[in-house]
Amino acid sequence: MNITLSSEFELVAANIAAQVFPNTQYQLLAQEIEERELVITFKSQKKFSENFRVRFFLNNKKLILSCYYKESIYHLNYSIANNYSWSDGLGDRVFSPQSIGEKFEFLAQKFYAVIEEFWLPSFLSKEPQS
């Protein structure tokens, strides 16, 4: 289900992305999947190669940041305490891609904290009280 992000969240997310991609303006598209997963796509207005997607899974509090780089898709799996692992589009483990690896590890850490701050409380308020 497509959702509308708060303007405050969009501003914070855009500022985080600008720390890595200062010359790119993004359109943010968001989906909430069965109230258990948040997917935010950062869509560049000019370059497909600058698009990336952030997925946050509530069940295991895991974040996956996906990007297209040098004719391949890469996924950065991140969980709290700076645990990073990279995989390619086929799911095989790979080393951190040169030139973007550190940038996306930075983004993952920042987005994790922001998503927890903005999205987690709204989700928890929807859960039935026992």
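Predicted model: local features only at pLDDT ≥ 70, side-chain atom pairs only at ≥ 80, totals over all residues.

**Entry 1: strand E3.** I started with E3, where seven of the eight residues are buried, so I noted the strand as mostly covered.

Who sits beside E3? On the E2 side I found eight bridges, with the two strands running antiparallel.

Entry 2: Next I zoomed out. How many strands form the open sheet, and in what order? I got eight, in the order E1-E2-E3-E4-E5-E6-E7-E8, with antiparallel pairing. A reminder to myself from class: strands of a sheet pair through backbone hydrogen bonds, either parallel or antiparallel.

The edge strands are E1 (2-3) and E8 (93-94), each pairing on one side only. For E1 I looked up the partner: two bridges join E1 to E2, and they run antiparallel. Asn2 stands opposite Gln31 in E2.

**Entry 3: helix H1.** I did a quick length check here. With 14 residues at 1.5 Å a residue, H1 should span 20 Å, and its end C-alpha atoms are 21 Å apart, which agrees.

Which residues of H1 are buried? My list reads Phe9, Ala13, Ile16, Ala17 and Val20. Seen down the helix axis, these buried residues fall within an arc of 95°, so they line one face of H1.

**Entry 4: the nonpolar core.** Then I went for the largest nonpolar core, which has 34 residues. The members that touch the most other members are Phe42, Phe52, Leu63, Leu65, Phe104, Phe111 and Ile115. Several elements give two or more residues to this core, including helix H1 (7-20), strand E3 (37-44), strand E5 (62-69) and helix H2 (101-126). The largest share, eight residues, comes from H2.

Leaving aside neighbours within four places in sequence, what is Leu65 in contact with? I wrote down Phe52, Arg53, Val54, Tyr74, His75, Leu76, Phe104, Leu107, Ala108 and Phe111.

**Entry 5: Lys61.** Last stop was the loop between E4 and E5, where Lys61 has its place. Its phi is near 50°, a positive value in a residue other than glycine. Is Lys61 buried, exposed or partly exposed? At 36% relative accessibility, Lys61 counts as partly exposed, because the cut-offs are under 20% for buried and over 50% for exposed. I also found that Lys61 and Ile80 are 19 residues apart in sequence and 7.9 Å apart in space, C-alpha to C-alpha.

Methods
Residues numbered from 1 in each chain as written. Heavy atoms only, no water. Core = buried A, V, L, I, M, F, W, Y, C linked by side-chain atoms within 4.5 Å. Buried < 20%, exposed > 50% of the residue type's maximum accessible area, 1.4 Å probe, protein only. Helix = DSSP H or I, 4+ residues; strand = E, 2+ residues; numbered from the N terminus. Contact = heavy atoms within 4.5 Å. Pairing = 2+ DSSP bridges. Expected span 1.5 Å × (residues − 1). Arc of directions from axis to C-beta.
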